[in-house]
Amino acid sequence: MIELNLKSHVLHLKSIFHISYLYNMRVMAFDYGTKRIGIAVTDPLQIIATGLDNIHPNNIIEFLKKYLQTEQVERFIVGEPKQMDNTPSQSAPHVKGFVNLLKKTFPEMPVEMVDERFTSKMASATIAQSGMNKKNRQNKELVDTISAVILLQSWMERKI
């Protein structure tokens, strides 16, 4: 009887895991810049953040439409540029325009802002510690992508 009861619990847990796995979706983060947008995504279980790509702002909507045809994304995270005194930085109007574009194009998709202070410095430090050669360390596209990963990781840590 105990063995039968244990088997039913295992089957129940498997069915719960299977159902919850089907509904897990990625989260996508953006480090917006007027020249490049660094993009990072989570895995479907939202455990790992990974750099995805760098896209020119003029091509971002086309890129997202294509990406969303094959991957399920739950929400967008956008880096919020702030100064040390917590006031918006010079790039804030550009980011606000990008957020408005996302909301207009993907009205069903929640968009959250995450403080992006120090993400570029943290990304540069991460690259410097990686042992890459000087040319790769100065790659601004790589910095933007890693900045997006850091934004996404900070969002993931905050939601725990």
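A residue is counted as buried when its relative accessible area is under 20%. In this predicted model, Arg75 has a relative accessibility of 19% and therefore counts as buried.

The mean pLDDT is 80, and 69% of the residues score at least 70. Helix α2 (residues 60–70) has the highest confidence, at a mean of 97, whereas helix α1 (residues 2–23) has the lowest, at 45. Over residues 1–20 the pLDDT stays under 50, and the model shows zero contacts beyond four places in sequence for this stretch.

Side chains of opposite charge can pair when their charged atoms come close. Four salt bridges were found in a search of the whole structure. One of them joins Arg26 to Glu71, with the closest N and O atoms 2.8 Å apart. Arg26 belongs to strand β1 (residues 26–32) and Glu71 to the loop between α2 and β4 (73–80), so this pair ties together parts that are 45 residues apart in sequence. Arg26 is buried, at 17% relative accessible area, while Glu71 is partly exposed, at 26%.

Glu112 takes part in two further pairings, described in turn. With Arg75, the closest N and O atoms are 2.5 Å apart. Arg75 lies in strand β4 and Glu112 in strand β5 (residues 111–115), so the bridge ties together parts 37 residues apart in sequence. With Arg158, the corresponding separation is 3.3 Å. Because Arg158 lies in helix α6 (residues 140–159) and Glu112 in strand β5, this pair ties together parts 46 residues apart in sequence. Glu112 is partly exposed, at 22% relative accessibility, and Arg158 is exposed, at 52%. Glu74, Arg75, Glu112 and Arg158 are linked in a network of salt bridges.

Methods. Residues are numbered from 1 along each chain as its sequence is written. Side-chain values use heavy atoms; hydrogens and water are left out. pLDDT is the predictor's confidence in each residue, from 0 to 100. Helices (H or I, at least four residues) and strands (E, at least two) are DSSP runs, numbered from the N terminus. Contact means heavy atoms within 4.5 Å. A salt bridge is a side-chain nitrogen of Lys or Arg within 4 Å of a carboxyl oxygen of Asp or Glu. Buried means under 20% relative accessible area, exposed over 50%, partly exposed in between (1.4 Å probe, protein chains only).
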